[in-house]
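Let's take a walk through this structure together. Have a look at the fold, and then we'll go from the whole chain down to a few places inside.

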Amino acid sequence: MYALRSLSKLVWGANEGAETFKLASGVLYEERPGAKVARKCIYKDSELCIRKTSTPYQYQLVAIRALEEGEDLSDSLDDERSFLIGIELKFTPTTFEGAHGFRWNDVGESTYEFIVDESVTKSVREAFAMAVARCAWERKHRREYTEADAGEVKEIMDRAEDEELERLLDSVKLDDADIEAAVGPMSPVKSRPVDPEVAAAAAAPIAPPTFDLPTEPAEMADGEITVSALGELYMFDAPSGEFVQVAKEVALTVVEVGKYEYYMNVASNDRSFTSQVIEPEMNAVFNHDHGSLIWNYFDQNRAYSFSMVTVDAKHYEALHQGMTRAAYETLNQESWNKATVASQDYILDAYEEDVDMLPEPEMWASDEEDEEYEEEEEVEEEDDEEEDEEEDEESDKDEDEESDEDEIDKIFNRAPGSQGVKTSREVETESESESESESESESEDESEGESGAESGAGADTGSGAAKNSKLAVGYKHGRSFVVRGSRIGVFRHTDGDEIVFDTSINHVDDTRGREFTPSTMMLHEQDSALVLQDAQRPNELFKMDLEYGKVVEEWRVHEDVPTVAVAPTTKYAQMTGDRTLVGLSHNMLYRIDPRLRDNMIVQDQQQAYVTKSHFTTAAATESGAVAVGSAKGEIRLFDRLGVRAKTVLPALGEPILGIDVTSDGRYVVATCKTYLLLVDTKLPDDANGRTGFMKAFPQAQKPAPKRLQLKPEHVVYMGAPISFTPAKFNQAPDAQGSEKTIVTSTGPFVVTWNLRRVLGTGRGDAYHIKQYQDTVVADNFRFGQDRSIVVTLPNDVLSVKRSQLAKPTRESLMIRSSGSLL
């Protein structure tokens with residue numbers, strides 16, 4: 001028993017994410033029956049470990065690729081594979097070409113083998129197998145494995161395919177030497193003898209950590225109970241980074257207090273915990289494997305994250321369906337029963353964390369070339385950063401004597417030689433080389449991995465109250481444009497992925513001299529013009545000629561059709577001379593041709609709906625197919641303008657704030673306030689590889705959407721509800737199917753998802769993040785690549801290298817300002 005207690009302390013006593021028990025050297029293989037390559041080497045050099053998750057009694061078996069010298073883990077596309085440890089894993093010993101290792105099943109059809117290095121001793125392998133079996137027992141019984149008796153452990157062993165596992169676990173007798181050998185590869189405990197006092201402390205009951213629960217509700221919502229589930233309640237403890245049990249048994253009830261108005265009550269026999277409206281800000285995450293629901297709760301003082309682990313699968317299914325139904329009816333203000341069965345399945349899938357999507361495209365099967373390119377790129381970036389640091393040190397000496405007071409007004413109130421922006425005709429006549437001293441002075445405010453041009457687009461005349469609001473990233477002359485009140489700031493991208501202020505257009509006026517603040521801004525006609533819109537005049541659009549820096553045309557699109565959004569006619573139409581564009585009204589999709597008089601809507605390229613569809617946003621593929629989002633949450637896929645949508649994806653209920661699509665139309669990302677919805681539009685089992693743009697999905701085969709959202713426990717550190725800006729894919733017009741990354745922001749955080757990692761692992765919470773001192777109002781990749789991101793703050797415009805974003809940690813997520821909620 002002493003040996004078991006010690007092992008428990010070493011393996012089970014760690015915090016979430018800690019890899020405390022591992023096989024430090026081996027090769028990971030994947031076996032895929034029926035594939036062209038039946039056995040594939042995944043990682044040539046890797047380690048296998050047991051990782052504790054944030055959910056009690058849940059552990060992962062994780063294979064981690066070893067990094068080569070100089071390689072950066074944060075930018076790797078595929079650095080680990082993880083598997084939830086349970087009976088279904090069928091973890092067994094195996095051999096391959098005389099070498100020992102382990103074999104287990106994935107959730108799909110694949111089987112994995114980890115062949116250990118010959119230096120890993122038999123006692124280490126046996127101890128590792130023992131630990132995996134104990135983890136499986138804990139997941140099944142939701143108790144510490146030290147409470148198990150021989151019969152219960154045998155039940156776990158009997159489930160394994162290989163009878164050798166039963167013999168192995170029966171024969172293993174661990175003593176202190178075995179334990180020390182088992183954990184030998186992992187510092188820092190490998191050389192320390194086991195202290196008897198420590199062992200005694202490990203065997204003794206551990207007091208739960210102290211933390212502050214939210215104030216008990218004054219009263220619980222009262223109404224008709226539509227669903228009830230029993231389970232254990234946990235709360236995320238920010239200092240320890242773990243979910244800690246707060247009640248062994250609670251009842252979670254969904255209560256209908258009015259028509260399509262629901263509350264969620266959580267209470268035990270001893271106290272009430274929460275009574276809150278079911279709404280998007282709950283950031284609810286369901287996990288079928290864990291049988292759990294994790295959500296956020298906010299009071300006036302801070303953010304909390306709770307987790308309920310249901311008592312069994314029946315209670316989980318009731319909770320999942322009941323909560324999803326309540327959320328749907330609340331947001332859509334209509335009965336769940338009005339949705340078709342296929343739509344209900346689509347919505348249920350969207351609310352669950354572990355949804356399987358179609359396999360990633362074959363062109364992504366091998367990333368060796370990309371990885372080599374990125375490694376070379378990282379080395380170049382490191383060299384550039386070292387040079388920048390040296391230059392910054394020299395320039396800072398001179399800068400200290402200068403005052404930077406009112407720098408925003410100083411830059412934007414200066415009188416530039418011309419308010420126009422350099423077009424191709426002007427650029428060709430310019431001198432090819434610029435003064436080095438000018439470049440150095442423009443770079444003085446750069447920080448490591450990012451550069452900035454303080455002052456964004458200037459301040460409003462007089463009051464100075466205007467802030468940066470809109471961003472448009474150009475392709476042709478390395479320019480980006482930022483709206484600030486009735487001004488537009490122009491910024492120049494350098495060869496080193498930096499951004500510097502260039503000039504400003506100080507007054508945005510219509511052709512009659514009336515000043516306005518652009519509510520929409522889109523680059524047009526080979527970046528020679530901006531299409532602008534004034535929210536006060538929704539029936540009109542304005543064309544600004546960037547050579548002269550002023551509005552030269554006013555387009556009255558239609559007397560009776562207000563335009564709510566515009567988009568390019570194709571993914572990269574801004575690179576062409578196409579003068580037309582896509583327009584949206586609340587219930588109509590159409591082509592706008594400014595060359596037409598009076599009515600600029602092309603009559604045979606419009607599609608109107610009798611009922612208001614509440615369209616909000618649109619994006620086009622390279623071929624001109626269009627994806628349209630609505631305030632109801634529906635996504636429509638059109639193969640061309642002028643016809644009805646080929647596919648309509650059901651509304652989850654939250655408004656679509658922004659939408660983007662890959663060049664080939666394979667993937668659509670729709671932005672809602674608290675999550676992104678990633679949809680694979682490829683038709684299943686279609687021999688021609690068609691998408692939902694080209695043909696309607698079969699009624700019973702709607703795509704499985706993937707919700708990309710921040711973990712509720714991370715939101716605790718961030719201290720405020722999520723509010724995403726419209727997400728964008730990186731743009732790569734010269735390389736088919738090369739969109740690899742998604743970028744968005746919430747509050748002061750820029751967030752990216754690696755598309756291939758999401759598709760390869762199925763994890764919607766695998767993201768990288770970077771915090772700024774102020775709210776991010778707009779962001780997008782620099783045109784043609786995903787190495788750098790243009791970040792717009794209320795009073796600043798920055799260029800940050802994607803490699804500067806990192807996996808979220810407590811330190812990177814804690815709000816730095818004095819107004820933090822934590």
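Helices (H or I, at least four residues) and strands (E, at least two) are DSSP runs here, numbered from the N terminus. What you have is a predicted model, where local features need pLDDT of at least 70 and side-chain atom pairs count only at pLDDT 80 or more, while totals for chains, interfaces and linings use all residues. Residues are numbered from 1 along each chain as its sequence is written, and side-chain values use heavy atoms, with hydrogens and water left out.

Start with the whole thing. The chain comes to 15 helices and 42 strands. Of its 822 residues, 55% are buried, meaning under 20% relative accessible area with a 1.4 Å probe and protein chains only (over 50% is exposed, and in between is partly exposed). Say that a contact is a pair of residues with heavy atoms within 4.5 Å. Then, among contacts between residues at least 6 apart in sequence, 59% join residues at least 24 apart.

Now, where is the empty space? Rolling a probe the size of a water molecule over the atoms shows where it is left.

Next, find strand β32 (residues 658–661). In a regular strand, side chains alternate between the two faces of the sheet. Here G658 and D660 point one way, I659 and V661 the other, and all are buried. Strands pair if DSSP finds at least two bridges between them; β32 and β33 (residues 667–671) have four, in the antiparallel sense. D660 has V669 as its bridge partner in β33. The two strands form a hairpin with five residues between them, and G665 in the turn has a positive phi of about 80°.

Buried or exposed? Y675 is buried, because its relative accessible area is 1%. Leaving aside neighbours within four places in sequence, its contacts include L652, A670, R707 and F724. Y675 and N283 are 392 residues apart in sequence, yet 8.0 Å apart in space, C-alpha to C-alpha.
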